[in-house]
Amino acid sequence: MKQLRTDRQTLNDLGVMESTYGEKTLFSLFDMTESDGGKRCLEDWATHPISDWQMLHERQEAIRCPDFPEIRICREELDFIEFYLSQGDRPTRVTYLESVLSRAFRLFRSTPERYIIQRGTKLLENVLLELKIFADHVTELSPRLIRSMVATVLETYQATELGKMVESCGQEDGFYRTDRLDYIFRYRRNHTIADLLSIVYQLDAIRTMHRTAVTKGWCFPTFTTDGKFVLRDFYHPQVKDAVKNDWNMEHGNICIFTGSNMAGKSTTLKAIVSAVWLAHAGFPVPASSMVCPVFDGIFTSINLPDSLRDGRSHFYAEVLRVKEVLQQINEGNHCFVLFDELFRGTNARDAFEASVAVTEVLREKVHSHFLISTHIIELARRLDGDDSCCFYYLESAITDDELVCNHKVKPGISESRVGYWIVKRELAGMQ
């Protein structure tokens with residue numbers, strides 16, 4: 001499986017698992033699994049997107065499918081099974097005579113450890129039976145990923161003693177049988193058991209994603225190789241009463257976003273990049289439709305810190321960030337990149353000249369796509385008419401001495417300048 005390239009800066013910018021400013025994380029939108037193992041599976045998918053078209057298609061197909069058989073999932077029972085499997089004492093293979101002697105000892109002294117073994121083996125045996133019943137009801141019409149899981153289950157049961165064990169499930173749990181199961185589960189087949197439990201957790205994650213997509217009415221992206229890149233009715237899922245917008249990047253590889261302060265540029269750009277991130281995790285996306293290339297990497301530069309310890313200015317940190325991203329692209333990776341307010345850490349003239357220099361480099365990286373937001377209208381005007389660039393802005397205006405932002409994305413270049421008005425309003429009466 002080919003994992004998508006990214007880094008800690010991007011994970012933090014998008015708030016995938018952690019949020020710098022106390023906002024809800026991207027993962028929290030899907031954190032509704034029925035087991036802790038299912039949650040871990042979803043966390044892994046969310047934090048490690050993939051750039052393998054076949055794997056993305058298979059994961060999507062499984063999540064979209066409403067018809068494959070259910071498997072019973074009980075959080076408390078699965079937690080107990082994991083607790084049982086984690087017990088430190090390694091069981092040894094026992095003979096029938098040894099079990100008899102051990103049982104005689106336990107008649108006079110019951111121990112908590114014995115209860116853990118008895119309940120753990122019984123619950124795990126039931127899970128293995130559930131997997132067998134599930135596998136028997138999956139058909140050739142089921143999604144390929146589900147059929148692959150079933151094949152793993154059936155091959156495992158056929159190649160090991162677990163198959164006969166499942167067939168005898170329901171027999172009286174004698175002391176010798178319990179000891180034998182404990183030896184097999186925790187010693188002889190412990191890695192195999194972990195793999196089978198992983199399938200249960202994946203099924204939990206898949207069902208959770210399906211419910212999320214249906215409940216929220218989100219779409220599943222279509223991946224393309226012809227460069228088409230379109231979002232319809234997209235929005236940021238963490239914004240209450242968010243305005244839905246359309247956006248496309250079918251021509252060129254640089255998209256310039258302009259607009260005044262507080263117009264919503266950063267939120268809109270994060271919504272676009274978050275949609276691309278979720279698409280590469282195989283997840284549903286907050287939009288009515290999406291067509292997207294398969295990227296090798298996603299990188300963002302939004303909340304870029306300076307470093308007092310290293311004596312690094314914000315401007316120099318921005319320069320190094322651009323260099324890091326270009327190194328990834330120069331290694332042959334097709335990346336999706338967001339630079340929010342490029343070179344905000346320096347004066348307007350230096351920012352303009354530096355931005356021009358960077359865009360001249362980026363336009364040559366034709367297989368990667370770049371989103372750049374800027375307050376520097378002169379930069380957008382300089383690039384206007386360039387076939388490698390497209391332009392969008394967010395509307396804003398001063399009406400009756402109030403800033404009005406409708407958060408609608410429109411093609412073109414913004415002419416709105418409200419910075420002075422904002423400063424004047426906020427500092428009124430401070431003289």
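## Helix packing and buried spots in a predicted model

Let's start with a helix pair: helix H6 (residues 112-137) and helix H7 (residues 144-159) have axes that come within 10 Å and cross at roughly 125°. This is a predicted model, and its chain comes to 15 helices and 12 strands. Of the 431 residues in the chain, 50% count as buried. Among contacts between residues at least 6 apart in sequence, 75% link residues at least 24 apart.

**H6 against H7**

- Two packed helices are described by the angle between their axes and the distance between the axes.
- The crossing in which H6 passes H7 is left-handed.
- On the H6 side, the contact is made by Leu128, Leu131, Lys132, Phe134 and Ala135; H7 supplies Ile146, Val150, Val153, Leu154 and Tyr157.
- Sorted by class, this contact of H6 with H7 has nine nonpolar residues, one charged residue and no polar ones.

**H6 against H9**

- H6 also packs with helix H9 (residues 175-188), at an angle of about 70° and with the axes 9 Å apart.
- H6 and H9 are therefore roughly perpendicular to each other, since angles of 65 to 115 degrees count as such.
- From H6, the residues Arg114, Ile117, Gln118, Thr121, Leu124, Glu125 and Leu128 take part.
- They meet Phe175, Arg177, Thr178, Asp179, Leu181, Asp182, Phe185 and Arg186 of H9.
- The class count for the contact of H6 with H9 is six nonpolar, three polar and six charged residues.
- Leu128 of H6 is worth a look in your viewer: it is listed in the contact with H7 and in the contact with H9.

- Most residues other than glycine have a negative phi.
- Glu341 sits in the loop between strand E7 (335-340) and helix H13 (348-362).
- Its relative accessible area is 11%, so Glu341 is buried, the cut-off being under 20%.
- Phe343 also has a positive phi, near 60°, and is likewise a residue other than glycine.
- Phe343 is placed in the loop between E7 and H13, and a relative accessible area of 4% makes Phe343 buried.

- Leu4 lies in the segment before helix H1 (8-14).
- With a relative accessible area of 7%, Leu4 is buried.
- Its C-alpha atom is separated by 9.5 Å from that of Val294, although Leu4 and Val294 are 290 residues apart along the chain.
- Beyond its neighbours within four places in sequence, Leu4 is in contact with Pro49, Ile50, Ser51 and His280, among others.
- The contacts of Leu4 also include Phe295, Asp296, Gly297 and Ile298.

**Cysteines**

- A disulfide is a covalent bond between the sulfur atoms of two cysteines.
- Searching the whole structure turns up zero disulfides.
- Cys219 counts as buried, at 9% relative accessibility.
- Cys335 is buried too, with a relative accessible area of 0%.

Terms used: Residues are numbered from 1 along each chain as its sequence is written. This is a predicted model: local features need pLDDT of at least 70, side-chain atom pairs count only at pLDDT 80 or more; totals for chains, interfaces and linings use all residues. Side-chain values use heavy atoms; hydrogens and water are left out. A disulfide is a pair of cysteine sulfur atoms within 2.5 Å. Buried means under 20% relative accessible area, exposed over 50%, partly exposed in between (1.4 Å probe, protein chains only). Axes are lines fitted to C-alpha atoms, for helices over the stretch in contact, and angles run from 0 to 180 degrees between N-to-C directions. Helices (H or I, at least four residues) and strands (E, at least two) are DSSP runs, numbered from the N terminus. A crossing is left-handed if the near helix is turned anticlockwise from the far one by less than a right angle, and right-handed if clockwise. Contact means heavy atoms within 4.5 Å. Ala, Val, Leu, Ile, Met, Phe, Trp, Tyr, Cys and Pro count as nonpolar, Asp, Glu, Lys and Arg as charged, and the others, Gly among them, as polar. Angles under 35 degrees count as roughly parallel, over 145 as roughly antiparallel, 65 to 115 as roughly perpendicular and the rest as oblique.
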